Amino acid sequence: MRQADSALELHGLVVSYDGVAALSGIDYALAPGAWLGLIGANGAGKSTLLRALARLVAYQGTVRVTGAEVAHLSRRRLAQLVAFVPQAPELPREMRAIDYVALGRTPYLGYFAVERPADRHAGHELLARLGLAALAERPVGALSGGEVQRLVLARALAQEAPVLLLDEPTSALDLGRRVEALELVDQLRAERGLTVVAAMHDLTLAGQFATEVALLDHGRLARTGTPDAVLTDAELGHYFGASVRVLRDDDGDLVVVPRRQRGGPS
Amino acid sequence: MGPGPRQGDGAGPPPPVAVARPVLVALAVLVVVTVVATAIGPADLSLGTVVRVVADHVGLHLPGRVSAIDQAIVWQIRLPRVILGGLVGAMLALGGASYQGVFRNPLADPYLLGVAAGAGLGATIAIVSASRATYLLPIAAFAGGVVAVSLTYLVGVRASGYATSASIILAGVAVAAVFTALQTNIQQQHAADLQPVYSWILGSLSVATWSDVRLIVPYVAVSTVVLLGHRRLLDVLRVGEEEATSLGVDPRRVRLTVVAAATLGTAAAVSVSGLVGFVGIIVPHAVRLTTNASYRVVLPVSLISGASFLILADLGARMLDAPAEIPLGVVTAFIGGPFFIFVLRSRRSRQGTL
């Protein structure tokens with residue numbers, strides 16, 4: 001599984017907050033173009049892992065992105081390699097959509113510089129690609145939840161980074177928009193050869209979109225492998241502490257269904 | 001390849017944030033305000049007289065004659081005061097807008113981190129220990145302001161282990177409280193010097209000279225260049241520290257640079273004007289209400305409008321109760337208080353943010 005040309009490589013990754021380990025001993029390698037779905041109960045370390053990959057928390061061990069050790073990169077260079085979409089982005093409500101997307105060009109601009117025409121042009125092309133061309137001049141605060149989701153994605157894509165980190169990318173969206181948003185990420189992954197790491201709450205969607213999943217449990221990698229191998233009744237029941245059934249729909253796609261436990265919560 | 005037809009804009013690249021128009025409007029207002037404020041005073045001068053004298057001094061000879069007395073009034077008395085007021089106002093407004101950007105706090109301005117308290121302490125020490133040596137006053141005030149903000153920064157970083165906006169603002173409140181206490185204590189022990197200390201604290205441009213202007217121009221110039229250089233980075237910080245970091249920006253470095261530049265300029269400004277309050281909050285907010293919220297607009301327009309604002313406030317200070325003068329700080333506070341409530345209301349109705 002480990003290969004020399006991994007998009008992402010973790011060795012002995014440890015993160016602790018005030019002496020309490022949030023992640024311990026994570027080893028993983030991800031091939032370019034893969035979609036890794038991070039699953040696990042609340043507090044298992046999904047967000048922490050993403051934040052370590054973006055070097056937003058201090059960690060021990062090594063993280064390599066396209067072969068380069070993250071700890072040795074400048075912030076600017078790292079932002080050219082890794083784009084991070086947080087769970088609840090802070091939205092400057094009065095900023096125009098095009099200006100917001102253009103923020104993604106920051107890693108390519110000098111300290112005192114402003115965007116060049118080419119950067120703004122790239123921003124407009126991304127808005128068009130994500131179906132937001134008509135909203136370019138609108139303030140961010142005037143956009144709907146689904147539009148904001150795509151706008152934030154557009155900003156991340158403007159970084160032109162080979163690795164895209166998504167923290168619960170669809171938690172704020174209704175069901176239809178969720179599938180739509182993930183479908184879009186999947187298309188962009190194919191178009192641009194992106195490597196995607198996404199913390200995913202919805203196990204059904206993780207099963208349908210991820211090419212491989214990693215199940216985190218109390219800061220450790222409990223299970224890794226294809227969705228078929230990891231998303232099983234027994235594994236999920238064990239690690240989520242709930243009764244679930246994994247079904248197949250007519251197309252053979254995974255469906256994870258929670259089941260009510262008789263006798264109330266244990 | 002080519003920029004295909006896009007709705008809303010014709011040919012050419014997509015339009016960047018429109019900066020030129022608000023800047024030009026603000027500049028036009030500043031020119032008018034400067035000329036009018038120079039013309040108004042105990043000796044009534046015509047606008048033409050002011051323009052002729054200024055033109056004369058920049059080597060342009062316009063037709064018409066100006067008496068030697070009017071020459072002196074314009075060039076030696078009124079203009080230094082108006083220009084100094086403009087520089088101080090510009091610096092306080094730009095400093096306030098920059099602080100609000102790096103701390104992402106609508107009420108942040110250099111005063112919040114202790115510039116005012118530090119400068120006040122420095123000025124008080126200078127006045128009570130060497131009241132004759134008036135040239136020491138601005139230097140002491142400047143030093144006091146810079147020391148106070150440096151201390152705030154150190155305390156904020158040390159106490160929390162990490163330079164977050166909140167920890168620095170809290171440290172600023174603490175440092176300002178201690179410096180103000182020291183200043184009050186010294187002031188009370190030297191009751192004889194109460195009057196000059198008091199009038200400095202309340203702010204005044206009544207003794208402005210060209211040498212005051214020369215004294216602060218270098219600081220204001222450097223500070224302005226550095227702060228305007230951060231106009232895009234302050235927009236990046238609007239998405240929060242963590243996201244700004246993931247975009248390749250180091251928010252702590254930006255904050256340190258902006259705070260250093262804004263503090264240097266502001267300390268220089270208050271060292272000659274005294275503690276003129278509210279400019280750094282009123283002007284940037286008014287600019288935000290009337291223009292795009294981007295710092296690419298807010299910073300330059302605040303700079304220019306801050307100059308107009310303080311020139312007008314100083315005109316009020318010397319004319320409203322003529323021949324007596326109202327302290328400049330009293331005038332700005334009088335405008336600032338009600339304006340605060342107005343900003344609060346407009347923010348509530350728009351649910352706006354920075």
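Visitor: What makes β3(A) and strand β9 (residues 212-217) of chain A count as paired, and in which sense do they run?
Guide: In this predicted model, five bridges link β3(A) to β9(A), and the pairing is parallel. One of the positions involved is Leu36(A), whose bridge partner in β9(A) is Glu212(A).

Visitor: How do you know that β3(A) also pairs with strand β8 (residues 195-199) of chain A?
Guide: The same test applies, and it asks for at least two bridges; β3(A) and β8(A) are joined by four and run parallel. Leu38(A) has Ala199(A) as its bridge partner in β8(A).

Visitor: Why is strand β3 (residues 35-40) of chain A called mostly covered?
Guide: A residue is buried if 20 or more other C-beta atoms lie within 10 Å of its own, and six of the six residues of β3(A) are buried. Trp35(A), Gly37(A) and Ile39(A) point one way, whereas Leu36(A), Leu38(A) and Gly40(A) point the other way, and all are buried. In a regular strand the side chains alternate between the two faces of the sheet.

Visitor: Which residues touch the most other members of the largest nonpolar core?
Guide: They are Leu38(A), Val82(A), Ala97(A), Val101(A), Ala154(A), Leu165(A) and Ala269(B), in a core of 184 residues. The largest share of this core, 17 residues, is supplied by helix α3 (residues 68-103) of chain B. As for Ala97(A), its contacts beyond four places in sequence include Leu127(A), Leu132(A), Leu135(A) and Ala136(A).

Visitor: Why is Ala242(A) called partly exposed?
Guide: The class lies between 12 or fewer neighbouring C-beta atoms, which would be exposed, and 20 or more, which would be buried; Ala242(A) has 14 within 10 Å and is therefore partly exposed. Ala242(A) sits in the loop between α9 (233-240) and β11 of chain A. Not counting residues up to four places away in sequence, Ala242(A) touches Gly237(A) and Pro258(A). The C-alpha atoms of Ala242(A) and Pro258(A) are separated by 7.5 Å, although the two residues are 16 apart along the chain.

Visitor: What makes β11(A) and β12(A) a hairpin, and how many residues lie between them?
Guide: Strand β11 (residues 244-248) and strand β12 (residues 254-258) of chain A run antiparallel and are joined by five bridges, where at least two are needed for pairing. Five residues lie between these strands, and in the turn Gly252(A) has a positive phi of about 85 degrees. Across the pair, Arg248(A) stands opposite Leu254(A).

Visitor: How do you know that chain A is as compact as a globular protein of its length?
Guide: Chain A comes to nine helices and twelve strands. The radius of gyration of chain A is 19 Å, close to the 18 Å given by the globule rule for 266 residues, so chain A is as compact as a globular protein of that length.

Visitor: What does the corresponding comparison show for chain B?
Guide: A compact globule of 354 residues would have a radius of gyration near 20 Å, and the 22 Å of chain B agrees with that. Chain B has 14 helices and zero strands, and buried residues make up 49% of its 354 residues.

Visitor: How do you know what length to expect for helix α6 (residues 165-189) of chain B?
Guide: The expected span is 1.5 Å times one less than the number of residues; for the 25 residues of α6(B) this gives 36 Å, and the helix reaches 36 Å from its first C-alpha to its last. Among the buried residues of α6(B) are Ile168(B), Ala171(B), Gly172(B), Val175(B) and Phe179(B). An α-helix has 3.6 residues a turn, so residues three or four places apart point the same way.

Visitor: How many residues of chain B are in contact with chain A, and which classes do they belong to?
Guide: In chain B, 26 residues are in contact with 29 residues of chain A. The largest share of that side of chain B, four residues, comes from α10(B). By class, the side of chain B that touches chain A has ten nonpolar, ten polar and six charged residues.

Note on methods. Residues are numbered from 1 along each chain as its sequence is written. Chains are lettered from A and ligands numbered from 1 in the order in which they are written. This is a predicted model: local features need pLDDT of at least 70, side-chain atom pairs count only at pLDDT 80 or more; totals for chains, interfaces and linings use all residues. A nonpolar core is a set of buried Ala, Val, Leu, Ile, Met, Phe, Trp, Tyr and Cys residues joined through C-beta atoms within 7 Å. Helices (H or I, at least four residues) and strands (E, at least two) are DSSP runs, numbered from the N terminus. Two residues are in contact if their C-beta atoms, placed from the backbone, lie within 7 Å. Ala, Val, Leu, Ile, Met, Phe, Trp, Tyr, Cys and Pro count as nonpolar, Asp, Glu, Lys and Arg as charged, and the others, Gly among them, as polar. The radius of gyration is taken over C-alpha atoms; the globule rule is 2.2 Å times the number of residues to the power 0.38.
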